[in-house]
Structure formats: structure tokens, C-alpha cells
Amino acid sequence: MPISISFIRRSSSLIAPRAPDFPLKRFLFFSKYSSIPAQDFLTHLQKHQSHVEKNLDAVKSNLDSQCISQVLEHCAIEKPKLGVRFFVWAAFHPSHRHTSYMYSKACKLLNLEKNPRIIADVVDEYRAEGFAVSVKMFKVLLNLCREARCAEMGLWVLRKMKELRCMPDTVSYNVVIRLLVANGRLDESMGLLKEMPLCDLTPDMVTYGSVIKGLCDAGDLEGALGLVKVMKGHGCVPNSVIYSTILDGICMHGSLKLGLEFLDGMEKVEEKEKDEGRPNVVTYTTIIKGFIDKGMASEARSILDRMYDSELKPNRVTFVTLIDGLIKEGKVEEALKVVDTFGGDGVRTDELYNMLVLSLFRAGKHKESEEMFRTMLARGLKPSGLTASSIIRGIVLEGRVLDGYFLFQEIEKLGSFVSIDPDVYSSLLACLCQENHLAEAGSLVNIMVERRVHLEPSQYEHLANFRSFLN
DNA sequence: CTAGGGTTAG
């Protein structure tokens with residue numbers, strides 16, 4: 001009996017029959033009968049097409065990020081405007097705050113990058129309904145413009161705010177300025193910077209930092225330093241974010257020698273600037289990256305000692321940068337030495353091994369990365385989900401399905417939870433079926449059910465080909 | 001809204 005798998009998610013039926021015993025059928029069963037917590041919100045959204053917010057206020061259901069994603073997913077195709085309005089409304093729900101992750105998720109689900117006009121349409125809707133839009137709500141829209149990387153729409157919303165007599169604040173300007181900088185529209189970002197005082201707004205550290213970053217990225221170091229003078233003149237004392245940005249520019253467009261001199265200068269910041277402008281972990285990581293980019297990984301390594309001299313400990317980002325650079329230059333021994341020397345002091349040894357394995361993997365040295373991975377398992381170090389997934393995926397792609405399966409089993413035996421990418425489960429399962437390792441496939445499915453592994457329809461569609469396995 | 005960047009989950 002053929003099984004249709006492509007449409008089983010999100011059935012509206014809430015009366016679930018008894019779960020079947022057979023593992024794969026159980027798995028598909030749970031995919032089919034999981035309920036939709038977002039249903040209440042969707043019902044109220046669809047009731048009236050306008051004044052959506054009032055209806056939503058009446059909903060008593062709990063609002064969480066999963067629920068928001070589901071609502072947006074349902075709005076995406078037919079009613080993206082409704083989705084945007086829901087998202088703006090949800091930003092002020094007393095029991096919830098949007099994280100930056102939620103902004104990017106919303107942007108993806110509503111396809112705002114391709115259709116930024118939806119944002120403008122929503123503003124027009126608000127206006128047509130006489131809805132009083134607050135600055136806070138506009139800022140949610142501006143942040144959506146940022147996620148959609150649409151400078152044009154950001155500028156449009158900023159102008160519209162004034163038109164609706166909803167005066168933008170410094171943060172509103174900052175969002176649009178960063179957006180312009182990210183799009184390489186430096187002149188316009190500086191135009192907005194100059195416009196701010198005319199609106200009684202004071203550019204702050206973030207404002208200057210954004211434009212300075214733009215100038216640095218464009219290689220205009222003098223311009224950037226000029227702006228540092230300007231901000232000082234306005235009583236805005238540069239902090240290490242500003243100086244690290246400049247240092248990054250110097251490393252990219254000047255020279256490492258100049259970069260090191262600039263770092264020297266930062267280490268001797270005058271007392272009145274307090275600690276704010278002193279080099280921190282990011283500053284040192286920036287110069288390490290500078291050396292790495294010039295193919296001088298060993299010199300980068302030596303910066304670690306200078307950090308410790310300044311009583312700063314390298315963090316995860318510092319190590320990722322350094323280890324990745326060393327591996328790219330084939331200096332595996334040196335990288336391993338860094339891991340063994342610094343592991344456990346600030347960053348755990350297992351995390352450093354994960355970086356090592358992933359760097360090797362990314363550098364295309366799959367054999368070495370697999371060996372390193374097995375070494376770390378043997379030493380009782382816990383692999384991250386990303387590391388384990390990458391290694392197993394690599395093995396499966398090489399056609400060594402059983403090797404991949406046994407490695408997976410070994411990771412299972414560790415006793416601590418490793419979050420394997422659903423995609424890896426999917427391809428392991430498919431390949432095991434394909435090669436007729438049905439016992440292994442069966443036990444894998446058992447683990448998937450136990451783990452509540454959620455697959456997207458596209459990830460198990462191909463399993464429909466293995467009907468013999470299902471019966 | 002905040003510099004360097006592949007943890008996690010959201």
C-alpha cells in the first residue's frame with residue numbers, strides 16, 4: 001500500500017487515533033498529529049481584515065517564538081501583510097520579546113528580502129485605518145528593513161515617520177544609517193548623520209561607529225580618523241568598539257605594522273578616557289585576524305601572549321579565528337599545541353577540539369578531521385552537534401554509510417545529548433534503506449522517535465520509495 | 001541600533 005508522505009504535516013484534526021507500534025509509522029504518525037498552538041491567533045487574525053491588533057489583544061493564548069513562527073508561516077503566501085502586522089503586534093506582547101533571531105526568521109518566512117514592499121503596504125494600511133503608530137512600532141518595521149537588507153525601504157519608513165508626525169529617535173536613525181553603510185551608500189549615511197542635529201537628535205557612539213565602519217571598509221582611513229576627531233569634539237569619547245573598528249580598517253587597508261602601532265596607542269589610553277577605549281578581547285582578536293588574513297598565522301599566535309600580558313583571556317571567537325588560520329596554513333601541530341596549552345582556561349578543551357575538527361573539515365582535510373574527531377571521542381571530550389553532524393555527513397557522502405551509522409552509535413553511547421542535524425538523520429536513514437541495512441535503519445528510527453527528531457516533508461519524501469520497509 | 005565570529009535554542 002503506497003504511503004503519501006508529502007502532505008501529512010499540520011493536519012487540522014485534533015482527535016488523534018492510537019499511535020502505531022511500528023517505528024517508522026510511529027514517527028510519521030507524530031508528525032501528522034502534532035497540534036498547532038498558533039491556531040487561536042490565526043483564527044483572530046482572519047476574523048477581520050482591519051484593526052487586527054484589537055482582535056489579537058483579546059487572545060489569551062500564550063505567545064512564544066514557536067507560535068510566532070507558525071503564524072508567520074501560515075500568513076506567508078496569502079497574507080504577508082497580516083504577518084507583518086502580527087509580528088509588530090507581537091513585539092509588545094507582555095510575555096514576549098523578539099530576539100534578533102526572530103527578526104531574521106520573520107524576514108525569511110515572509111520573504112521580505114524579495115518583497116520589501118510589504119512593509120510599505122503595512123504602513124499605508126495603518127494610515128488608511130487611522131491607526132496610531134508609535135515610534136516603537138516603527139522601530140520594529142525598521143528592524144525588519146534591516147533584516148531584509150533593504151536600505152531603500154529603511155529610508156522610506158524613516159521619511160514616513162516624520163510625515164505621520166511620529167518623530168524618529170537616534171536609534172531609528174542608527175538602524176537606517178547602518179543599513180546604508182551595509183549597502184555601501186556611505187554618502188547617504190553621512191547625510192543622515194548631518195541631518196540628525198536638525199531634528200534635535202544627538203548622534204551617539206553607535207551612530208559614529210556605523211559611519212566609521214563604513215569609511216574603514218571603504219579604505220578611507222583618514223576620513224574615519226577625521227570622524228573620530230569630530231565625535232570627540234562633540235563630547236562623545238570613543239570606546240574600544242570605535243578603536244577596534246579603526247584597527248580592523250588599518251589591518252585591511254593599511255599595514256600590520258601600522259596596526260600594531262595603533263594597538264600600542266590603545267594600550268596607552270589616557271586616564272581620563274578610563275577603560276572605555278582600552279583594547280579588549282575583540283581588539284586583540286581583530287589584530288589576530290589581520291595576521292591570519294595576510295597568511296601569518298604563527299605571528300597571530302604570538303598575539304595570545306600579549307593578550308595574557310594585558311590580563312585578557314582569549315575567548316571562543318579568538319580561538320576560532322586563530323585555529324582556523326593555523327589549519328588553513330597546514331600548521332596542525334601548532335594548532336594542536338594551542339588547544340592543549342590553553343584548553344580549560346576560559347574556553348573548555350572540548351570546545352577547542354570541536355574548532356580543530358571543524359577547521360580541518362572546512363579546509364577539506366576530511367580524513368584528518370575524522371581522525372581528530374575519533375581522538376576527541378577517545379579522550380572523552382564531548383563533540384558539538386555541528387561537529388558530529390559534519391563528520392557523519394562527510395562519511396555518508398563518501399558512501400561509507402555503515403561507518404557513519406556506527407560512529408553515530410558511538411556518539412549515542414557517550415551518555416550526554418548531542419544534537420545531530422535532522423538532515424543527517426534523514427540521509428543516514430535513506431542510505432541505510434537504500435543499501436538494505438534494515439535492522440540498522442529500524443534502530444535509527446527508534447532513536448529518532450525517542451528524540452522527537454522533526455523532519456521537514458522534503459527530508460522524508462524520498463523514504464516513500466522504501467515501501468517494503470514500511471510493511 | 002553596538003567592533004571580532006559556525007556553540008546552544010529561540
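Of the 471 residues of chain A, 49% count as buried, where buried means under 20% relative accessible area, exposed over 50%, and partly exposed in between, with a 1.4 Å probe and protein chains only. This is a predicted model, in which local features need pLDDT of at least 70, side-chain atom pairs count only at pLDDT 80 or more, and totals for chains, interfaces and linings use all residues. Residues are numbered from 1 along each chain as its sequence is written, chains are lettered from A and ligands numbered from 1 in the order in which they are written, and side-chain values use heavy atoms, with hydrogens and water left out.

Start with the secondary structure. Chain A has 27 helices and zero strands. Helices (H or I, at least four residues) and strands (E, at least two) are DSSP runs, numbered from the N terminus. Now take the contacts, meaning heavy atoms within 4.5 Å. Among those in chain A with a separation of 6 or more, 65% join residues 24 or more positions apart.

Residues 280–314 are 74% helix and 0% strand, and their end C-alpha atoms lie 9 Å apart. For residues 421–455, the end C-alpha atoms lie 10 Å apart, with 77% helix and 0% strand.

Next comes helix packing. Two packed helices are described by the angle between their axes and the distance between the axes. Axes here are lines fitted to C-alpha atoms, for helices over the stretch in contact, and angles run from 0 to 180 degrees between N-to-C directions.

Look at helix α16 (residues 281–293) and helix α18 (residues 316–328). Their axes come within 9 Å and cross at roughly 10 degrees. That angle makes α16 roughly parallel to α18. Angles under 35 degrees count as roughly parallel, over 145 as roughly antiparallel, 65 to 115 as roughly perpendicular and the rest as oblique. From α16, the contact uses V281, T285, I288, K289 and I292; from α18, it uses V317, T318, T321, L322, G325 and L326. The residues of this α16–α18 contact divide into six nonpolar, four polar and one charged. Ala, Val, Leu, Ile, Met, Phe, Trp, Tyr, Cys and Pro count as nonpolar, Asp, Glu, Lys and Arg as charged, and the others, Gly among them, as polar.

Further along, find helix α22 (residues 385–397) and helix α24 (residues 422–434). Their axes come within 10 Å and cross at roughly 25 degrees. So α22 is roughly parallel to α24. This crossing is left-handed: the near helix is turned anticlockwise from the far one by less than a right angle, whereas clockwise would be right-handed. On the α22 side are S389, I392, R393 and V396, which meet D423, V424, S427, L428 and C431 in α24. The residues of the α22–α24 contact divide into five nonpolar, two polar and two charged.

S390 also lies in α22. It is buried, with a relative accessible area of 7%. Leaving out residues up to four places away in sequence, S390 touches L358 and F361.

Y405 belongs to helix α23 (residues 401–412). Its relative accessible area is 5%, so Y405 is buried. Beyond residues up to four places away in sequence, Y405 touches L428, L432, E440, S443 and L444. Y405 and L444 are 39 residues apart in sequence, yet 8.5 Å apart in space, C-alpha to C-alpha.

R178, in helix α10 (residues 170–182), is partly exposed at 38% relative accessibility. Apart from neighbours within four places in sequence, R178 is in contact with S210 and K213.

Finally, turn to two loops. Most residues other than glycine have a negative phi, and most peptide bonds are trans. D200 is not a glycine, but has a positive phi of about 65 degrees. D200 sits in the loop between α11 (186–195) and α12 (205–217), and is exposed at 73% relative accessibility. E311 has a positive phi of about 60 degrees, although it is not a glycine. Its place is the loop between α17 (297–309) and α18. E311 is exposed too, with a relative accessible area of 75%.
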